[in-house]
Amino acid sequence: MHPKGVEIVTVALDVDPDQARPFIEAAAPDHPSLIDSAHVLDERFGMVNVPNAVWIDEDGMIVRPAEPASPGPNPANESFREIDLDSVPPDIREILVEARKIRSEPERYVEMLHDWVERGSDSPYAHTPDEVIARSQPRSAAEATAAAEFDLGQHLHRTGDHPGAIEHWREAHRLYPENWTYKRQAWNFEDPIRQGHTDAYEGSWFEDVKQIGAENYYPPLVP
Amino acid sequence: MILTELVVDPSEFERGTGWALKPEGACKGEVCVPLPDSARAADGRIDVQVVADRLGMPIVTDAKRGLYALGPETALTGRALTTAVASELELPDADGRPFRLSSLRGKKVVLLAWSSW
């Protein structure tokens, strides 16, 4: 897994902490394991999907901005491949077939992490401030407004107004369709198992992923 | 950042946006943006519309519910990051105890976001 010499801090981007807590308790991690129900992290660092990670050096400088990451194989991706397709209903089967095209590079990522731990700022994988900014997600008015809409949605959900949350989350999806975090979090409340089509939202995990192809669900690692 | 009115205390603004109000203006990391005098009310509170305008932060209004949401800045880099300086972040652990990112200063950190969904 991850090398010594780096602190891993895991953050659950879960509007409802009760959904994240069982996973944390089961893992019983020895690293800080936090819950971000207001989704402050994704707004601050520009994360558009999970799992995503940011590298911060000893001086508090970001040296790698948010990118798909897993300091080890992603159990979710592994489970897609392990399930026997003949044992599941057709609608789940077609989702799994697509999901198996999702690409990730955990071995390469861990290699990069080891290099940074050993070589610090001499590592080619630790970038300058200008490069870090340039590598972060684009943010124009649409993306920033989507963040505000998503924020209103999480606030309303947490204060008991779920229909209000749906109103604003729909807007977030419309303004920032590439942001999987906004979509998956919202769909999860309506249909946790399939994240399928419901009256609440225009899209669904399968429909939206098929549009771009699951091989593009996470952008390739750019060391 | 969620607001019920478009004036806010500077420390609350900083907690919500990562932008600190200093004599030079609004500052985040090494970046400072000058602000007009109208940015601050007599009582020291911030006029959110003035600062949002300067930083290119959208304000979404939910009139029915009497709420505003202030979005992140767009006026500087056109990117999710305005600076590579990691802003302070305080989040609770599973038991509700607060944890500050700055407590790990002096160590290399990988901040890994995941979810139950």
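**Two chains, a few helices**

Me: In what order do the elements of chain B run from the N terminus on?
Reply: Helices (H or I, at least four residues) and strands (E, at least two) are DSSP runs, numbered from the N terminus. Chain B has two helices and eleven strands. From the N terminus on, they line up as β-β-α-β-β-β-β-α-β-β-β-β-β.

Me: What kind of model is this?
Reply: Residues are numbered from 1 along each chain as its sequence is written, while chains are lettered from A and ligands numbered from 1 in the order in which they are written. Local features need pLDDT of at least 70, side-chain atom pairs count only at pLDDT 80 or more, and totals for chains, interfaces and linings use all residues, as the model is predicted.

Me: What percentage of the residues in chain B is buried?
Reply: A residue is buried if 20 or more other C-beta atoms, placed from the backbone, lie within 10 Å of its own. Chain B has 117 residues, and the buried part of them is 37%.

Me: Which element gives the largest share of the side of chain A that touches chain B?
Reply: Two residues are in contact if their C-beta atoms, placed from the backbone, lie within 7 Å. That contact takes 69 residues from chain A and 42 residues from chain B. The largest share of chain A's side is nine residues, from α7(A).

Me: How are α7(A) and α8(A) set relative to each other?
Reply: Take the axes, lines fitted to C-alpha atoms over the stretch in contact, with angles from 0 to 180 degrees between N-to-C directions. For helix α7 (residues 141–158) and helix α8 (residues 162–175) of chain A, the axes come within 7 Å and cross at roughly 165 degrees. Angles over 145 degrees count as roughly antiparallel. So α7(A) and α8(A) are roughly antiparallel.

Me: How far apart are the end C-alpha atoms of α8(A)?
Reply: The expected span of a helix is 1.5 Å times one less than its number of residues. α8(A) has 14 residues, so it should span 20 Å. The end C-alpha atoms agree with that, being apart by 20 Å.

Me: Which elements are included in what covers the buried residues of α8(A)?
Reply: The buried residues of α8(A) include Trp169(A) and Leu175(A). In the α7(A) contact with α8(A), Trp169(A) and Leu175(A) are among the residues on the α8(A) side. The cover over the buried residues of α8(A) includes, in chain A, α7 and α9 (180–190).

Notes
Angles under 35 degrees count as roughly parallel, over 145 as roughly antiparallel, 65 to 115 as roughly perpendicular and the rest as oblique. A residue is buried if 20 or more other C-beta atoms lie within 10 Å of its own, exposed if 12 or fewer, and partly exposed in between; C-beta atoms are placed from the backbone.
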